[in-house]
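User: I would like to go through the strands, the helix packing and the chain contact of this model. Could we start with the terms?

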Amino acid sequence: MELRGEDYVVTYAESRHTVEFFGTLRLRDSSDYKPLTDILDKALSDSAGLLVLDFRNLQFLNSAGINIISRFVISARKADTAQLRVLGNNEISWQQKSLGNLQKLWDKVSIEIR
Amino acid sequence: METTTTLGSWTEDAGENNLSDALLRLKAADIFQSWRRCSLTADFLARYYSYYFPYREKATDRISRETAENNISYILNELIENTAKYSDAADKSVEVTVRLRPSDIQFQVTNRVTEKRAEDFVRMAAELMEGNTEQQYLSKLEREVDSSGLGYLTMINDYGVTLGFKVEKSGDDLFSVAVQASMLWKEA
């Protein structure tokens with residue numbers, strides 16, 4: 001499954017239980033982010049215990065996008081059906097600064113920033 | 001509502017000590033109509049100002065070029081997106097100002113809104129300035145709706161930004177809303 005915009009690509013590899021983000025994601029609001037929310041929800045429902053969110057190639061994410069990811073983490077916490085593993089890149093500021101906040105929403109999220 | 005309201009650490013620009021200034025005046029309608037212009041404008045100014053900063057290997061007392069470009073782009077994009085979402089007069093201008101100062105860099109955006117929206121804005125800004133922004137951030141996310149102010153909270157919590165606001169009656173029943181975000185670029 002793949003979501004492609006002018007500045008970004010999001011892929012969902014079902015066999016690896018991994019959602020990967022590429023480019024710059026700066027959409028207007030939660031209705032523009034709906035297709036992404038749908039992919040995340042689907043990935044969670046077929047996760048079989050583990051879901052990986054790989055942001056290492058996402059240069060920018062705006063606060064509307066951070067909102068979407070954060071709310072997804074909250075819904076995963078409520079469902080409590082899968083371990084979330086978040087991969088980040090230490091050379092990209094927003095990841096270094098903001099990804100850690102996901103753990104404050106759910107302490108079971110594992111975050112690896114390299 | 002008051003003719004002029006200032007909140008947070010609003011500063012009138014004295015100008016004389018600025019190392020650099022830039023001002024872009026855009027038509028509000030342009031950024032409503034083509035959303036990607038927000039990101040484009042932020043990226044342009046971020047790249048432009050990144051040249052003041054050395055590459056990572058040489059950045060000992062200040063943020064590196066890579067960090068500067070990333071941080072400036074994030075902050076400006078948030079500020080410009082807000083003007084695109086909340087301007088009420090498509091024919092009016094949105095102003096984007098950057099001031100490089102001796103130890104910080106200040107971004108300012110100004111746009112025009114109705115009195116109703118100006119009041120909502122002042123209420124939101126006052127809440128932000130009440131402090132405990134970490135808690136405000138987390139509780140906003142836990143609530144089902146209302147994510148307004150989330151961008152400002154990420155700037156404060158994650159980028160160490162200081163905010164200032166000025167809301168002023170501008171004639172023709174509109175109010176001008178100006179937001180300043182200042183980020184330190186010198187590091188100890």
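Analyst: A crossing is left-handed if the near helix is turned anticlockwise from the far one by less than a right angle, and right-handed if clockwise. Helices (H or I, at least four residues) and strands (E, at least two) are DSSP runs, numbered from the N terminus. This is a predicted model, in which local features need pLDDT of at least 70 and side-chain atom pairs count only at pLDDT 80 or more, while totals for chains, interfaces and linings use all residues. Residues are numbered from 1 along each chain as its sequence is written, and chains are lettered from A and ligands numbered from 1 in the order in which they are written.

User: At what angle do H5 and H6 of chain B pack?

Analyst: Helix H5 (residues 133-142) of chain B packs against helix H6 (residues 150-159) of chain B at about 140°, and their axes are 10 Å apart. Axes are lines fitted to C-alpha atoms, for helices over the stretch in contact, and angles run from 0 to 180 degrees between N-to-C directions. H5(B) and H6(B) are therefore oblique to each other; angles under 35 degrees count as roughly parallel, over 145 as roughly antiparallel, 65 to 115 as roughly perpendicular and the rest as oblique. The crossing of H5(B) with H6(B) is left-handed.

User: Which residues make that contact?

Analyst: H5(B) contributes B:Thr133, B:Glu134, B:Gln136, B:Tyr137 and B:Lys140, and H6(B) contributes B:Leu150, B:Leu153, B:Ile156 and B:Asn157. Two residues are in contact if their C-beta atoms, placed from the backbone, lie within 7 Å. By class, this contact has 4 nonpolar, 3 polar and 2 charged residues. Ala, Val, Leu, Ile, Met, Phe, Trp, Tyr, Cys and Pro count as nonpolar, Asp, Glu, Lys and Arg as charged, and the others, Gly among them, as polar.

User: And H2(A) against H6(B): which residues meet there?

Analyst: A:Ser63, A:Ile66 and A:Asn67 in H2(A) meet B:Leu150, B:Gly151 and B:Thr154 in H6(B). That contact has 2 nonpolar, 4 polar and no charged residues. The axes of helix H2 (residues 63-79) of chain A and H6(B) come within 9 Å and cross at roughly 90°, so H2(A) and H6(B) are roughly perpendicular to each other.

User: How many residues of each chain are in contact with the other?

Analyst: In chain B, 20 residues are in contact with 19 residues of chain A. On the chain B side, helix H2 (36-50), helix H3 (65-86), H5 and H6 each give two or more residues. H3(B) supplies the largest share, 8 residues. By class, the chain B side divides into 6 nonpolar, 9 polar and 5 charged residues.

User: Changing topic: what is the strand order in the chain B sheet?

Analyst: The open sheet of 6 strands has the order E1-E5-E6-E4-E3-E2 (chain B), with antiparallel pairing. Two strands pair if DSSP finds at least two bridges between them. The edge strands are E1 (4-8) and E2 (20-27) of chain B. E2(B) pairs with strand E3 (residues 93-100) of chain B over 8 bridges, and B:Leu23 has B:Thr97 in E3(B) as its bridge partner. H3(B) packs on this sheet, touching E3, strand E4 (104-114) and strand E6 (174-184) of chain B.

User: What is the pairing in the chain A sheet?

Analyst: Pairing is mixed in the open sheet of 6 strands ordered E1-E2-E3-E4-E5-E6 (chain A). Its edge strands are E1 (2-4) and E6 (110-113) of chain A. Strand E3 (residues 18-25) and strand E4 (residues 50-61) of chain A run parallel, joined by 7 bridges, and A:Gly23 stands opposite A:Leu58 in E4(A).
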